[in-house]
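Please keep the sequence and the structure in view while reading.

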Amino acid sequence: MKKFLTSTVAVSALALMLGMTSARAEHVVDPNAKPGGAITITYKDDVATLDPAIGYDWQNWSMIKTLFDGLMDYEPGTTNLRPDLAESYEIAPDGKTFTFKLRQGVKFHNGREMTADDVKYSLDRVTNPKTQSPGAGFFGSIKGHEDVTAGKAESLAGVTVIDPYTIKFELTRPDATFLHVMAINFSHVVPKEEVEKYGADFGKHPVGTGAFKFAEWTLGQRVVFERNPDYWHKGLPHLDKVTFEIGQEPIVALLRLQKGEIDVLGDVIPPAKFQEVMADPEQKARVVEGGQLHTGYITMNTTMAPFDNVKVRQAVNMAVNKDRIVQLINNRGVPANQPLPPSMPGYDKEFKGYPYDVAKAKALLAEAGHPDGFDTQLFAMNTDPNPRIAQAIQQDLAAVGIKASIQSLAQANVIAAGGDKAGAPMIWSGGMAWIADFPDPSNFYGPILSCAGAVPGGWNWSWYCNKDLDAKAAEADSIVDPAKSAERARMWSAIYGKIMEDAPWVPVFNEQRFTMKSPRMGGADNLYVDPVHIPINYDNVYVTDVQ
Amino acid sequence: MIAYLGRRVIQSVLILLGVSLITFALLYLLPADPVRQIAGRSATPETVENIRRQLGLDQPFFIQYWHYLISLLSGDLGRSYIQRSEVTELIVSRLPASLLLMVGAILCELAIGLTMGLLAAVRRGTATDQTLMVASFVGVSAPQFVVGLLLLYVFAVQLGWFPIGGYGTWRHLVLPSLTMGILGAGWYARMMRSSMIDVLRQDYMRTARAKGLARGAIIFRHALPNAILPVIAMIGIDIGIFMGGIVVVESVFGWPGIGQLAWQAIQRVDIPIIMGVTLVSAFAIVLGNLLADTVAPFIDPRIKLR
């Protein structure tokens, strides 16, 4: 039987040439990094939980990643997959069986060795409805998933422990995103005995295999992580201690950073101070800018007149002045012309999208039978800057004759309206959607542009459903061979190109992340705007002032 | 006295029940579906319904409310939807910080307010009086968010006398107490002034002056103790104002109290925490009022309990 034995994508291609055998490449450690030192990071909100099965916000996401590990991870600062707790993996040619060889000698923070049973336990736990995990749905392709989520089985039938260091996954369909799913926090490995000891409070007493171990949590004040001296990855982490100070208003945190009391602003730079910071060369030098896996867009309900007419949707695409909207948000983003953000595989650099062209938009509206425009509604979330952005869109639409009244509502109301087929003609997605869960082009299709997402309570707010594209998407996702990932990305580019012809959205901008740090922080810039370890890759950063 | 207290306690319990019912109903009517929030955006409809059943949120309103009340009687405020911790534990861990801030704020407002009120009453009609009254007006009307940031900027960032927010030492306590105290000080200055003027008008004051007592003795030994009593009795009622203020002040200063907890919970629609903090605040306010009313006749014999 032909099998792929792979570690990284590049190594896998090599492996194929060498007859499917390969040792994994060791991860590289920054030679300039000095060990030791402690840093302080501030956050406004209390940390919700550090349980990898539960945590699902951008604050605890990277904290959990540093305490726990999964079978897979990404090269620091990039979206390139690589094995982590797994040493290597094999994918059967039909793309439905994944077998992982685990790294030996990896220890949990309680001293016990991690084995394949722990991997299985962790996945059974996350999919068990009693855990109430927001991530249970990511494991839908594993055999037996339905029985577990329905409460009919306690264990996933498709996950088999072959020996303490080998685990096999059987899927119901070929799933090219499966390696990403094995890198997502929800699949991170937890020790059963600790979960059972703390029960529902495991999230406050996390025990993993990660670079840092949990040291202290003073509710409402601080969370402290300390270096895991037994971390399997030699040379990491660099820091001895990371302290998260909680409950700090971003504006106060900025003042403290300017005085050198803290090292990293966990929240965004306060909008009111953004221009001041960027105008000061000394402060600007400490701001790292990076892309995010985010696109902000306007949805048009393709089942509602007049947006059921593709010409109307194309006209709206040409009517919106994206550059002006980017200026409105202090240039904290880049104009978008397609659903995928630039840092996502499958993003088409050559694609030009719809130009901003008022005359052509008017002509298209006239062709569609609306020479004088029409009345409609634009829903938007009611927190800054979204109402301002909605107003800018409203003015742009007015210039081509479309009179849109703004419905500025609480987040939950807008999401509810979008999930109702007759709920909202147009929605500005800001503050709600969409940031990818993992760096794969399919994550921008399934929930928000596919027929499966166009259901009551779903996230496909344009109710766009193209069966042809659904079939093409399924075809692309059945290409599981990492060596063919470029081909797969091209297929996804074509899918998004076709979507833009149908124009159910106006892609408006891709948000950029700006992380501000103290002068003593060292490490490559991309560690501070890591697309996966959002916002900071704590394992790899270091301080320059240790002896 | 006992009958009065009994009546008041029953009234208080009814008020708390009313507060719990109204808050529960308001949160129940919120468009945000807590189950969808817990289940996340990738959840299947079955998972959503499963969680709804587990949390008992598929039950009719009054059954849900009844279950909440029953747990409440045993001191169980439920588990947070977002943090997944016991709400009671979250509140108990943060109460000391809020109580400390309250003590600091009361000290500030009494020290500033009573001094201002006393001075204004004694210098009644002069420029001092007018300046103090304008200042008290500003104190009452200035938004606490602005006052807090201003104090932080001047005394912590520029002068460096106090830390920039946070919790731990007495130096951390000064600025947030002052921010809270400035609002109350305005009220106390006004009350103290009118109370003092009232007392100074009394016949026995004239008698004291006629006897040739020194001005200081008249004010501090005879007028002040009488004028201050009705003002002190207000502290119990103050608690309501505090509970509103701590939400803002704790957020500005990163003070780990229940106000900050409430503010974060509101932003994340974490209903059990909102419910718990509201009930604890309502309890504090009702208790404060009860104490104020019960103590009042001991301080001022003119008040009778009926």
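## Basis of the model

This is a predicted model, in which local features need pLDDT of at least 70 and side-chain atom pairs count only at pLDDT 80 or more, while totals for chains, interfaces and linings use all residues. Residues are numbered from 1 along each chain as its sequence is written, and chains are lettered from A and ligands numbered from 1 in the order in which they are written.

## Overall form of chain A

Chain A contains 17 helices and 21 strands; helices (H or I, at least four residues) and strands (E, at least two) are DSSP runs, numbered from the N terminus. The radius of gyration of chain A is 24 Å, close to the 24 Å that the globule rule gives for 547 residues, so chain A is as compact as a globular protein of that length. Here the radius is taken over C-alpha atoms, and the globule rule is 2.2 Å times the number of residues to the power 0.38. The C-alpha trace of chain A spans about 70 × 60 × 45 Å along its principal axes.

Of the 547 residues of chain A, 53% count as buried. A residue is buried if 20 or more other C-beta atoms lie within 10 Å of its own, exposed if 12 or fewer, and partly exposed in between, with C-beta atoms placed from the backbone. Among contacts in chain A between residues at least 6 apart in sequence, 68% join residues at least 24 apart; two residues are in contact if their C-beta atoms, placed from the backbone, lie within 7 Å.

## The nonpolar core

A nonpolar core is a set of buried Ala, Val, Leu, Ile, Met, Phe, Trp, Tyr and Cys residues joined through C-beta atoms within 7 Å. The largest such core has 227 residues, and those with the most contacts inside it are A:Ile298, A:Ala315, A:Ile393 and B:Val277. Helix H5 (residues 87-122) of chain B gives the most to this core, with 14 residues.

With its neighbours within four places in sequence left aside, A:Ile393 is in contact with A:Ile298, A:Val320, A:Leu378 and A:Trp428.

## Strand S19 of chain A and its partners

Strand S19 (residues 505-516) of chain A is mostly covered, since 11 of its 12 residues are buried. Two strands pair if DSSP finds at least two bridges between them. Strand S13 (residues 287-291) of chain A runs antiparallel to S19(A) and is joined to it by five bridges; the partner of A:Gly291 in S19(A) is A:Gln512.

Strand S14 (residues 296-300) of chain A is also antiparallel to S19(A), with four bridges, and A:Gly296 has A:Phe509 as its bridge partner there. Three bridges join the antiparallel pair of strand S15 (residues 333-335) of chain A and S19(A), where A:Pro335 stands opposite A:Phe509.

## Backbone details

Most residues other than glycine have a negative phi, and most peptide bonds are trans. The peptide bond from A:Leu236 to A:Pro237 is cis, with omega near -10 degrees, and A:Pro237 lies in the loop between strand S10 (222-227) and strand S11 (241-246) of chain A. Another cis peptide bond joins A:Asp384 and A:Pro385, with omega about 5 degrees; A:Pro385 lies in the loop between strand S16 (375-381) and helix H13 (386-399) of chain A.

A:Gln132 is not a glycine, yet it has a positive phi of about 55 degrees. A:Gln132 is buried, with 22 other C-beta atoms within 10 Å. B:Arg84 likewise has a positive phi, of about 60 degrees, but B:Arg84 is partly exposed, with 19 other C-beta atoms within 10 Å.

## Chain B: domains and annotated regions

The domain assignment of chain B gives domain 1 (1-74) and domain 2 (93-299); such bounds come from an automatic or database domain assignment. The contact takes 14 residues from domain 1 of chain B and 12 residues from domain 2 of chain B. On the side of domain 1 that touches domain 2, the largest share, 10 residues, comes from H1(B).

An unreviewed UniProt entry annotates residues 12-30, 99-122, 134-157, 169-189, 227-253 and 273-299 of chain B as "transmembrane region". UniProt positions are given in the numbering used here, feature names are shortened, and annotations may be inferred rather than shown by experiment. Residues 99-122 of chain B are 100% helix and 0% strand, with end C-alpha atoms 34 Å apart.
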